[in-house]
Amino acid sequence: MNEQQTYRGSCFCGSVQFTVTGAPEAMGYCHCESCRHWSGGPVNAFSLWKPEAVQITRGADNIGTYHKTDNSYRKWCKTCGGHFFTEHPGMGLTDVYAAAIPDFDHQAAVHVNYQETTLRIKDGLPKLKDFPAEMGGSGDVLPE
Ligand SMILES: [Zn+2]
Ligand SMILES: [Zn+2]
């Protein structure tokens, strides 16, 4: 068996550091209004990991948490304000932003919440209206 690979991540300034180990449950891009507003960008490159795959290695007491809803606990660095992941307790998964784990090869398989898009991306990947059916969404696919 292969050793599980570990990738290092951090906030923008580096005072919060963490690792992710193994492989994510899913990868893709989210176009929802919450991701756009929180990130300041037009899409969020997400990777969803089991919570135990994510370990804080430095600066745990420097992590701020904000939750507008009980679905998403958003984590940010109290020094630089940089965002690095969001815990989704309902899904039992943690979304680690691809930009926060630069050595990890982010391979998107799907776009979600495309009904809210402000930036159409013609990459041939499926464009889900909201979420996959197995995650409680409609599973409906929209044109690019
Ligand atoms: Zn920071
Ligand atoms: Zn989103």
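Is cysteine 32 buried or exposed? At 12% relative accessibility, cysteine 32 counts as buried, where buried means under 20% relative accessible area, exposed over 50% and partly exposed in between (1.4 Å probe, protein chains only). Keep in mind that this is a predicted model, in which local features need pLDDT of at least 70, side-chain atom pairs count only at pLDDT 80 or more, and totals for chains, interfaces and linings use all residues. Residues are numbered from 1 along each chain as its sequence is written, chains are lettered from A and ligands numbered from 1 in the order in which they are written, and side-chain values use heavy atoms, with hydrogens and water left out.

**The seven-stranded sheet**

- Seven strands make an open sheet in the order β6-β7-β8-β9-β4-β3-β10, and their pairing is mixed. Strands here are DSSP runs (E, at least two residues; helices would be H or I, at least four), numbered from the N terminus, and two of them pair if DSSP finds at least two bridges between them.
- At the edges stand β6 (63-69) and β10 (110-112), each with a single partner strand, so one side of each has no neighbour in the sheet.
- From one strand to the next, the twist averages 30 degrees; the axes behind such angles are lines fitted to C-alpha atoms (for helices, over the stretch in contact), and angles run from 0 to 180 degrees between N-to-C directions.
- Strands β3 (residues 26-30) and β4 (residues 44-49) run antiparallel and are joined by five bridges. Across this pair, cysteine 30 sits opposite asparagine 44 in β4.
- Four bridges also tie β7 (residues 72-77) to β8 (residues 83-88), again antiparallel. Tryptophan 76 has histidine 83 in β8 as its bridge partner.
- The β7 and β8 hairpin has five residues between the strands, and glycine 81 there takes a positive phi near 75 degrees.
- Next along, β8 pairs with β9 (residues 93-96) in the antiparallel sense over four bridges, and phenylalanine 85 has valine 96 in β9 as its bridge partner.
- That hairpin of β8 and β9 has four residues between the strands, with glycine 92 in the turn at a positive phi of about 70 degrees.

**The three-stranded sheet**

- A three-stranded open sheet runs β1-β2-β5, with antiparallel pairing.
- β1 and β5 (54-58) are at its edges with a single partner strand each, so one side of each is left without a neighbour in the sheet.
- Here the twist averages 30 degrees from one strand to the next.
- β2 and β5 are held in the antiparallel sense by four bridges, and valine 20 stands opposite valine 54 in β5.

**The zinc ions**

- Ligand 1, a zinc ion, is coordinated by Cys11 (SG), Cys13 (SG), Cys77 (SG) and Cys80 (SG) at 2.3 to 2.4 Å. Donors are N, O and S atoms within 2.8 Å of the metal (3.2 Å for Na, K and Ca), and water is not among the atoms, so sites may look incomplete.
- The donor spacing in sequence for the zinc ion (ligand 1) is C-x1-C-x63-C-x2-C. Distant parts of the chain are linked this way: cysteine 13 lies in the loop between β1 (6-10) and β2 (17-21), and cysteine 80 in the loop between β7 and β8, 67 residues apart.
- Angles of 106 to 114 degrees between its four donor atoms make the arrangement around the zinc ion (ligand 1) tetrahedral; four donors count as tetrahedral if all angles lie between 85 and 135 degrees. For four tetrahedral donors, the ideal angle at a metal is 109.5 degrees.
- Cysteine 13 is partly exposed at 41% relative accessible area, and cysteine 80 is partly exposed at 27%.
- The zinc ion (ligand 2) is coordinated by Cys30 (SG), Cys32 (SG) and Cys35 (SG), at 2.1 to 2.3 Å, with the donors spaced C-x1-C-x2-C in sequence.
- Cysteine 35 is buried, with 11% relative accessible area.

**The nonpolar cores**

- The largest nonpolar core has 17 residues, of which Phe18, Val20, Trp49, Val54, Phe84, Val96 and Ile101 touch the most other members. Such a core is a set of buried Ala, Val, Leu, Ile, Met, Phe, Trp, Tyr and Cys residues joined through side-chain atoms within 4.5 Å.
- β2 and β8 are the elements that give two or more residues to this core.
- A second, separate core of nine residues includes Leu48, Leu93, Val110 and Val112.

- Asparagine 113 has a positive phi near 55 degrees although it is not a glycine. Most residues other than glycine have a negative phi.
- Asparagine 113 lies in the segment after β10 and counts as buried at 5% relative accessibility.

Notes:
Four donors count as tetrahedral if all angles lie between 85 and 135 degrees; four count as square planar and six as octahedral if opposite donors are over 155 degrees apart and all others between 65 and 115; anything else is irregular.
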